[in-house]
Amino acid sequence: MIEIRIHGRGGQGNVAAAELLSIAAFRDGKFAQAFPSFGAERIGAPVQAFVRIDDKKIRTREDVRTPDYLIVQDEFLIDTVPVLDGLKPDGLIVINSDRKPEDLNIKTTASIETIAATEIALEIIGRPIPNAVMIGAFCSVTGLVSLDAVQVAIMGKFPGRVGENNVAALERAVAIMQKR
Amino acid sequence: MNISEEELNRVEKKDLFTSGHRACGGCAQALAARLVQDASGENTIACVATGCLEVFSSPYPDPSWRVPFLHSLFENAAAVASGVEAAYKALNKGPVNIIAQGGDGSTADIGLQCISGMFERGHNILYVCYDNEAYMNTGVQRSSFTPYGARTSTTPMGNRTRKKDLPSIAAAHGIPYVATATTDDFKDLQRKVKTALSIEGPKYIHILVPCPLGWGHHGELSIEISRLAKDTGLFPIFEIIDGKVTNVRKIPVKVPVEEYLKPQGRFRHLFKKGVPTAEVAEIQAIANQNIERFNL
Amino acid sequence: MLKQVEGSYAVAEVVAMCRPNVISAYPITPQTHIVEDLALIVGEGRLDAEYVNVESEFSAASVVLGASAAGARAYTATSSQGLLLMSEVIYCIAGMRLPIVLTCANRAISAPLSIWNDQQDSMALRDAGWIQLHAEDNQEAADLHIQAFKIAEQTFLPVMVCMDGFILTHAYEPVDIPEPKEVDAFLPPFKAKHIVDPRYPRGIGLFADPRFYMETRYTLHRAMEKSETVIKEVSSDFAKTFGRDSGGFIKTYKLKDADLVIISMGSVVGTIKEMIDRLEEEGKKVGLLQICSYRPFPRYEIYNALKDKMNIVVLEKSISLGRGGILASDVRWSFPRAEKKDRNISSFIAGLGGRNIPMDDLRYMVEKVEKEPVEIEFLGLKKELIAEKDL
């Protein structure tokens with residue numbers, strides 16, 4: 001079973017990201033579970049969302065405490081919230097940042113990938129919602145979920161121009177990660 | 001109680017409702033709450049209903065309230081405040097400004113019984129309603145203050161009922177002071193709070209507070225949208241003193257409702273490729289009725 | 001068809017297929033997605049129903065009461081404070097034998113305010129004369145609603161389907177959503193028994209003086225007891241029609257050779273089952289008895305399943321303040337005093353106010369009760385937050 005924890009602020013589409021990953025994993029023929037953990041506030045508060053992917057039915061309901069992967073949609077959360085807690089020593093973090101991993105000064109044995117998701121989202125979607133870019137980067141690097149499945153999931157949840165723009169943002173992320 | 005013109009006109013900034021709360025950027029309710037508390041001063045007891053305000057301002061262990069704060073349930077702020085007022089009377093304590101506060105849902109819907117009771121019994125309490133026109137904290141569901149045509153998650157095709165007229169219902173209870181206000185005019189809002197608090201008996205102030213998330217507009221437009229609500233006639237500004245409508249804010253140049261509706265996502269479905277649907281004409285008719293009724 | 005969907009969405013889709021005539025809706029976290037999805041289904045014309053946006057939960061319950069008394073199939077959903085606010089009406093509905101179905105998205109109770117999951121809300125109404133069914137996962141949550149309408153309309157007892165708020169309502173997982181015609185075949189149209197109708201005038205909700213009241217309570221109590229047959233039959237019919245087990249009275253997991261049995265209900269059983277499998281790999285034999293029908297209470301099922309088990313621990317997301325575990329109390333009552341006095345039945349209170357229940361905490365619980373019985377313990381309590389004098 002693979003466990004992913006997504007960190008961000010309310011309004012960045014953290015919960016949607018978890019849902020999309022779970023829908024995509026389902027389309028790939030896997031079992032997936034996604035659920036949020038948030039406060040009662042609306043925009044701007046720290047939010048976590050969890051995803052589990054497995055080849056068999058997932059029964060556990062606890063929070064993800066020992067994630068294999070972290071997706072961090074707001075890099076500045078790392079200083080204020082225990083984002084790295086429980087991350088497996090050989091895990092991977094994908095961070096929304098325009099800086100290089102080594103410039104972030106994060107103490108961890110896990111690998112780090114960064115991508116300037118907000119900037120790309122503003123350019124392609126016109127709104128600072130980084131989740132499609134982050135998912136694209138994540139899927140490209142990990143191969144956990146197929147990009148086709150994610151695209152279908154996005155169009156299913158956000159039909160029309162919104163979905164198309166998000167898919168375009170996802171594709172840009174994939175292109176960037178592939179070049180590295 | 002006499003209150004000088006000078007004091008009435010002074011804009012107060014005491015931060016009795018402090019920053020660091022968790023409201024969305026551009027939340028007019030947060031602004032209104034600060035203006036209300038500051039106008040009232042330190043000698044205030046705030047009885048607040050469940051809702052956006054309570055949730056974003058009072059999480060343990062860091063509430064934003066620098067005046068005493070009492071929260072019970074969604075529907076009973078007015079009844080709880082009545083209890084506080086009764087205790088102050090019984091114990092010969094005070095005077096103190098007791099301000100019951102809640103959103104539109106807690107005031108006009110689930111709390112209507114309690115506020116009616118408070119009005120009818122004549123408690124010396126100011127009730128402030130922060131009207132963002134839907135149940136915002138639970139995710140934008142319609143309330144009886146949701147205006148005609150607005151999309152909410154429980155009226156996905158557009159709301160079909162007209163905004164409940166709580167100021168009139170309040171006045172019909174025979175209370176001495178009712179007023180409406182918006183957050184773009186600090187002086188007017190605070191003046192109304194101070195006027196209310198200088199009068200003995202139940203008072204009701206209804207403040208329109210745009211909600212960027214629920215109304216679907218950028219946070220920095222909250223003030224502008226408040227102005228447009230007034231200038232279209234959709235949210236008339238007036239006082240009702242001892243049952244008589246007075247101090248009506250007239251609109252020299254009436255703004256067509258389209259200008260108010262267009263910047264808001266909750267009305268987007270009323271325009272097909274920029275062309276207004278029939279509902280827009282109905283909303284204009286509502287504005288026109290207000291203009292005529294209050295002689296705006 | 002199997003779909004990856006949010007729990008609330010699955011429930012709304014399935015409830016719509018049950019063709020309620022009247023839905024009353026009032027928002028409260030975490031049930032809101034259910035009533036919102038239903039608003040869209042009605043708005044888009046996929047369900048022909050009267051959707052009433054009421055001004056409080058008290059009215060939400062009152063509206064379905066009136067609708068059911070007029071012969072309509074009626075539905076509403078709520079949580080926590082909303083359920084408590086409608087409690088007067090909840091008792092009324094049961095006393096009037098109206099076959100209403102209500103979803104309770106389980107959530108903690110104020111004060112202090114909490115929007116997160118536990119089962120104190122439905123527990124507070126356990127004595128009202130409603131059948132209470134608890135869902136283990138979103139598949140069961142959806143399935144139980146279909147069963148609920150059938151059970152209600154055969155027993156003329158209202159049914160509360162309980163699903164853990166956020167943990168199930170807001171979780172995305174695979175759910176097999178049936179076809180409308182499959183639901184139509186399983187759930188016949190509602191045949192109301194007693195309604196207000198000028199053609200056949202009758203009074204509903206008369207007052208009963210001491211000569212008559214007691215017999216109404218006896219009848220209701222017996223009806224609840226007898227509903228066991230219907231609950232089991234409907235679950236069995238459901239399995240035959242839709243091809244999967246869900247609902248019923250209780251379910252067991254790896255009980256046969258278990259040295260320790262955990263009793264629980266709701267979504268936490270998923271975590272418990274996962275832990276049981278891991279413990280099995282480590283050589284430990286732990287079993288689960290999972291309660292689906294909490295009311296009527298499966299007293300005899302529990303006794304019969306566990307009469308040879310000497311170590312039992314009850315894990316629940318509820319508490320009777322001043323007394324202790326509610327489910328624990330019900331379980332302890334299920335075993336006759338005279339018999340096997342050295343049986344241990346421990347009580348753990350967990351997950352209140354949405355406190356996460358990690359598998360590590362459950363392991364701690366298992367290890368503790370293997371050594372000695374526990375009268376009552378709050379799992380995962382943060383003693384550092386409690387003043388010395390209050391401990």
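Biologist: How far apart do the C-alpha centres of domain 1 and domain 2 of chain C lie?

Modeller: The two centres lie 28 Å apart. Domain 1 of chain C covers 2-242 and domain 2 covers 250-390, with bounds from an automatic or database domain assignment. This is a predicted model, in which local features need pLDDT of at least 70, side-chain atom pairs count only at pLDDT 80 or more, and totals for chains, interfaces and linings use all residues. Residues are numbered from 1 along each chain as its sequence is written, while chains are lettered from A and ligands numbered from 1 in the order in which they are written.

Biologist: What makes up the contact between domain 1 and domain 2 of chain C?

Modeller: Domain 1 of chain C supplies 27 residues and domain 2 of chain C supplies 20, where contact requires C-beta atoms, placed from the backbone, within 7 Å. On the domain 1 side, α9(C) provides the largest share, five residues.

Biologist: Why is strand β4 of chain C called largely enclosed?

Modeller: A residue is buried if 20 or more other C-beta atoms lie within 10 Å of its own, exposed if 12 or fewer, and partly exposed in between. Five of the five residues of β4(C), residues 74-78, are buried, so the strand is largely enclosed by the rest of the structure. Ala74(C), Thr76(C) and Thr78(C) point one way, Tyr75(C) and Ala77(C) the other.

Biologist: How do you know that β4(C) pairs with β5(C)?

Modeller: Pairing requires at least two DSSP bridges. Four bridges join these parallel strands, therefore they qualify as paired. Within β5(C), Thr103(C) is the bridge partner of Ala77(C).

Definitions and conventions:
Contact = placed C-beta atoms within 7 Å. Helix = DSSP H or I, 4+ residues; strand = E, 2+ residues; numbered from the N terminus.
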